[in-house]
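Welcome, and please have your viewer ready. We will walk along the chain together, one selection at a time.

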Amino acid sequence: MAKKSMIEREKKRERLVKKYAAKRAALLAIANDREKPMEERFKARLKLAELPRNSSAVRLHNRCQLTGRPHAYYRKLKISRIALRDLGSAGQIPGMVKSSW
């Protein structure tokens, strides 16, 4: 199980990304538009830099929904390999059988 503080930090990042997504997209569109004057593009970049760092989607990290584990994460299931194995052994995932020999 991951530390509670790390799980909460990741949730905070998710909230910030959602909150600033539209503003960030608009500023990026202005900053990357070659048709606009250089001064306007530069101002857009400065405003982007003023936004919180954790509002960038790049800073998000996938975590297991059950344990909070950041590694060995299956995107399709949103759980880690260890949680997947436990659920498979318990017969809670339809069609999955854990082999053991």
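Helices (H or I, at least four residues) and strands (E, at least two) are DSSP runs, numbered from the N terminus. Select helix H1, residues 4–32, and you will find Ala21 inside this helix. Before going further, a word on what is loaded: this is a predicted model, in which local features need pLDDT of at least 70, side-chain atom pairs count only at pLDDT 80 or more, and totals for chains, interfaces and linings use all residues. Residues are numbered from 1 along each chain as its sequence is written, and side-chain values use heavy atoms, with hydrogens and water left out.

**The whole chain**

Zoom out and colour by secondary structure. Along the principal axes, the C-alpha atoms fill a box of roughly 65 × 30 × 20 Å. The radius of gyration of the chain is 20 Å, whereas a compact globule of 101 residues would have one near 13 Å. That radius is taken over C-alpha atoms, and the globule rule is 2.2 Å times the number of residues to the power 0.38.

Now colour by pLDDT, the predictor's confidence in each residue, from 0 to 100. The chain averages 92, and 100% of the residues score at least 70.

Next, show the charged side chains: 27 are positive and 9 negative, and the centres of the two sets lie 10 Å apart. Here Lys and Arg count as positive and Asp and Glu as negative, while His and the chain ends are not counted. Each charge is placed at NZ of Lys, CZ of Arg, CG of Asp or CD of Glu.

**Back to helix H1**

Select Arg9, which is also found in helix H1. With a relative accessible area of 40%, Arg9 is partly exposed; buried means under 20%, exposed over 50%, and partly exposed in between (1.4 Å probe, protein chains only). Across the chain, 24% of the 101 residues count as buried. Draw a C-alpha to C-alpha distance from Arg9 to Gly95: these two are 86 residues apart in sequence and 35 Å apart in space.

Return to Ala21, which counts as partly exposed because its relative accessibility is 40%. From Ala21 to Arg69, the separation is 48 residues in sequence and 26 Å between C-alpha atoms.

**Two loops with positive phi**

Move to the loop between H2 and strand E1 (73–74), and select Ala72. Its phi is positive, about 55 degrees, although Ala72 is not a glycine. Ala72 is partly exposed, at 34% relative accessibility.

Then select Lys78, in the loop between E1 and strand E2 (79–80). Lys78 also has a positive phi, about 60 degrees, without being a glycine. Its relative accessibility is 44%, so Lys78 counts as partly exposed.

**After helix H3**

Which segment holds Met96? Met96 lies in the segment after H3. Leaving aside residues up to four places away in sequence, Met96 touches Leu84 and Gly88, where contact means heavy atoms within 4.5 Å. Met96 and Arg85 are eleven residues apart in sequence, with 9.5 Å between their C-alpha atoms. Met96 counts as partly exposed, at 30% relative accessibility.
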